[in-house]
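Dear colleague,

I am passing on the structure below, and would be grateful if you could look through it alongside the notes that follow.

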Amino acid sequence: MDYIQLSLEIKPDYARDIVTAELSEYGFESFSEEGNILFGYIPHKNFSMDEVRKLPFFTNKLIKVGMMVRLIKAQNWNALWESNFEPVRIGNFCYIRAPFHKSTRGVDYQIVIEPKMSFGTGHHETTSLMVEMLADMDLNGKTVLDMGCGTGVLAILAKKMGATDVMAIDNDEWAYNNTVENIERNKVKKIVVKQGDASLLKGLKFDIIIANINRNVLLGDISGYSASLNKSGTLLMSGFYSEDLPMIKERCKQFKLRLVRSLTKNNWIAAGFTGGK
């Protein structure tokens, strides 16, 4: 799959969160920063410059944005990623690295990830927040779903933490294949990988559901997550901003899911709910 890399120079600085949120809503899958430049990535087939120019930030007179568009061919992604990727260490709990990085000591779990076109290296706030949420949980003997698995990093971590059975689902073919490869790379077993969406959950039950996607998809799928959550199970969600939490809470309330904890980083948030049927 070919991707579009959108490079943006945004002024004033506070507007970066606004631009990121609107691009996420449009369909951009991941972001990175280098200096004062924000990079956004979206599948080429889903991109229209005309549609991006209609987003509110582009017509906001208080926000100045310089943009440059670059097509990234699928076969060139690894070289681009390797030139920018650095290992991610989350305290003494988890170390996420690429195959070409050296291993480290002094962490509970070490995961080797080669993301290719998939989202989920630990660099983005939402992935690292999810890892931090899992760090305080006991996964021994639990059944876990990683919804919108990307690279499979959270599914792999769950398995390493003692989960008995893990399922990883993503609607993107690259993510599906990448997750399978990373599972093999980390020598973990009993992780079932499927390509698709929340419709695959019908009739399935889990103790813990991890969903790191985006606000609109989460709002649409919470009903499915609730139906697939065991009694007193835990639903962890991220991929949205702090100001979106009331909307997420209200939707969860409809399915008797209550907020028990949350973590924030750079206005991104991860929220944990409990309930289930």
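Both faces of strand β14 are covered, with Trp268, Ala270, Gly272 and Thr274 buried on one side and Ile269, Ala271, Phe273 and Gly275 buried on the other, where buried means under 20% relative accessible area, exposed over 50% and partly exposed in between (1.4 Å probe, protein chains only). In a regular strand the side chains alternate between the two faces of the sheet. Helices (H or I, at least four residues) and strands (E, at least two) are DSSP runs, numbered from the N terminus.

Please bear in mind that this is a predicted model, in which local features need pLDDT of at least 70 and side-chain atom pairs count only at pLDDT 80 or more, while totals for chains, interfaces and linings use all residues. Residues are numbered from 1 along each chain as its sequence is written, and side-chain values use heavy atoms, with hydrogens and water left out.

Strand β14 pairs with β12 in the antiparallel sense over eight bridges, and Trp268 of β14 is the bridge partner of Tyr241; two strands count as paired if DSSP finds at least two bridges between them. β13 and β14 also run antiparallel, joined by seven bridges, with Ser262 opposite Ala271 of β14. Their hairpin has two residues between the strands, and Asn266 there takes a positive phi near 50°.

In helix α9 (residues 245-253), the buried residues are Leu245, Ile248 and Cys252. They lie on the same side of α9 because they cover an arc of only 65° around the axis, the arc being that of the directions from the helix axis to the C-beta atoms. The exposed residues Pro246 and Lys253 are on the face turned away from that buried side.

Best wishes
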